[in-house]
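Please read them with the coordinates open.

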Amino acid sequence: MLNASVVKTFQISSIQQEILAHNYSVTIVIPCLNEEGNLKRLLLNIEETFEDIGFSLPVLVVDDGSTDNSYQILKQMSEKCNYLSIIRHPQRRGVTEVWKTALNNVKTDWIFWGQADLESDPRTDLPLLLKACVPGVDAVAGWRQKRGDGKILASKLANTTCRLLFGLKIHDMNWIKLVRRDLLSTLPVETITHRYLLAVLAAQGYNVTEVATPWHPRHSGTSKFGKKRLLTSAIDFIKLWWWFLSEGRLINRSQEKKIDSVINYVGVV
């Protein structure tokens with residue numbers, strides 16, 4: 001029976017082999033708003049991840065108008081980390097605008113959407129999503145296990161609704177994800193909003209799958225989303241449903257896929 005270290009080495013080796021076989025790329029995108037207490041540990045965890053898997057990836061942190069020392073910490077870290085890029089919004093614009101900024105600036109084939117609050121650990125989650133991206137998969141979502149942030153009921157309601165109306169098969173659409181950039185670049189993100197990107201892709205016939213990932217309590221700071229999120233999510237969903245019935249079905253599906261979906265793992269730029 002293989003021990004844990006042998007299994008880990010085998011998994012990392014298989015990822016490296018796939019990367020050598022395919023000349024495709026991924027950027028790690030992380031939204032940031034007042035996360036000064038988390039950023040240094042987050043970037044250390046990312047560096048450990050790169051050491052474990054044997055290669056590094058470009059990392060883009062979008063500072064969404066932080067009013068604490070987040071931007072100053074990122075600037076200091078960028079001088080030491082050649083893989084790190086920073087874009088700063090002068091004022092808070094919201095997660096959807098962070099997605100738009102990322103799509104306007106990232107040029108790699110895939111985007112890995114991470115978190116700055118350390119509820120997601122890249123040391124476990126990035127390899128898990130890479131391994132789950134088997135041939136024919138267009139997006140992989142992380143599914144939070146043993147989640148304890150008090151938002152389970154609202155999240156379950158939103159995910160269940162999207163499974164019924166959009167044919168979404170996953171349980172956690174609004175969390176970390178690995179997704180083909182070309183599919184998102186044709187979508188009106190301001191209409192869909194960040195919450196329903198995977199639901200729309202599933203409804204258009206793309207293969208959206210998931211992998212279980214461990215959930216961790218926030219390391220520092222407080223959540224930026226409160227009860228008001230329920231109302232805004234409901235309003236966004238009504239707008240989305242109307243858009244999808246009128247024109248959303250045709251976007252992407254009316255075009256031939258320009259990138260072969262057999263691409264399963266992602267390499268370095």
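1. The largest nonpolar core of this predicted model has 38 residues, and W99, L198 and L201 touch the most other members. Helix α9 (residues 197-203) supplies the largest share of this core, seven residues. Another core, of 35 residues, lies apart from it and includes L43, L129, A132 and V137. As background, nonpolar side chains in soluble globular proteins tend to be buried together.

2. For the chain as a whole, the secondary structure comes to 10 helices and seven strands. Of the 269 residues in the protein chain, 50% are buried. Taking contacts with a separation of 6 or more, 85% are between residues 24 or more positions apart.

3. Helix α3 (residues 70-80) has S70, I73, L74 and M77 buried. These residues lie on the same side of α3, because they cover an arc of only 100° around the axis. The packing partners of the buried residues of α3 are β1, α2, β2 (59-64) and β3 (84-89).

4. Two cavities of 30 Å³ or more are present in the structure, and the volume of the largest cavity is about 80 Å³. Its lining consists of I28, I30, L42, I46, F112, G114, Q115, S120, P122 and L126. Two or more of the lining residues come from each of β1 (26-32), α2 (39-53) and α5 (122-132). Sorted by class, the lining of the largest cavity has seven nonpolar residues, three polar ones and no charged ones.

5. Is D117 buried or exposed? D117 has a relative accessible area of 9%, under the 20% cut-off, and therefore counts as buried. D117 is located in the loop between β4 and α5. Leaving aside residues up to four places away in sequence, D117 touches E35, N38, R218 and H219. For the pair D117 and E35, the sequence separation is 82 residues and the C-alpha to C-alpha distance is 6.8 Å.

6. L118 belongs to the loop between β4 (110-113) and α5. The phi of L118 is near 70°, which is positive in a residue other than glycine. L118 is buried, with a relative accessible area of 9%.

7. N34 is not a glycine, yet has a positive phi of about 55°. This residue sits in the loop between β1 and α2. Which class does N34 fall into by accessibility? N34 counts as partly exposed, because its relative accessibility is 25% and that class runs between 20% and 50%.

8. D138 is in the loop between α5 and β5 (139-145). With a relative accessibility of 2%, D138 counts as buried. How far is D138 from L183 in sequence and in space? The two are 45 residues apart in sequence, and their C-alpha atoms are 8.6 Å apart in space.

How values were computed
Residues are numbered from 1 along each chain as its sequence is written. Side-chain values use heavy atoms; hydrogens and water are left out. On a 1 Å grid over the protein atoms alone, a cavity is a set of points where a 1.4 Å probe fits but cannot get out, and a pocket is an open set with protein on both sides within 12 Å along at least five of seven lines; lining residues have an atom within 4 Å of a point. Grid points are joined across faces, edges and corners, and a volume is the space filled by probe spheres set on the points. Helices (H or I, at least four residues) and strands (E, at least two) are DSSP runs, numbered from the N terminus. Ala, Val, Leu, Ile, Met, Phe, Trp, Tyr, Cys and Pro count as nonpolar, Asp, Glu, Lys and Arg as charged, and the others, Gly among them, as polar. A nonpolar core is a set of buried Ala, Val, Leu, Ile, Met, Phe, Trp, Tyr and Cys residues joined through side-chain atoms within 4.5 Å. Buried means under 20% relative accessible area, exposed over 50%, partly exposed in between (1.4 Å probe, protein chains only). The arc is that of the directions from the helix axis to the C-beta atoms. Contact means heavy atoms within 4.5 Å.
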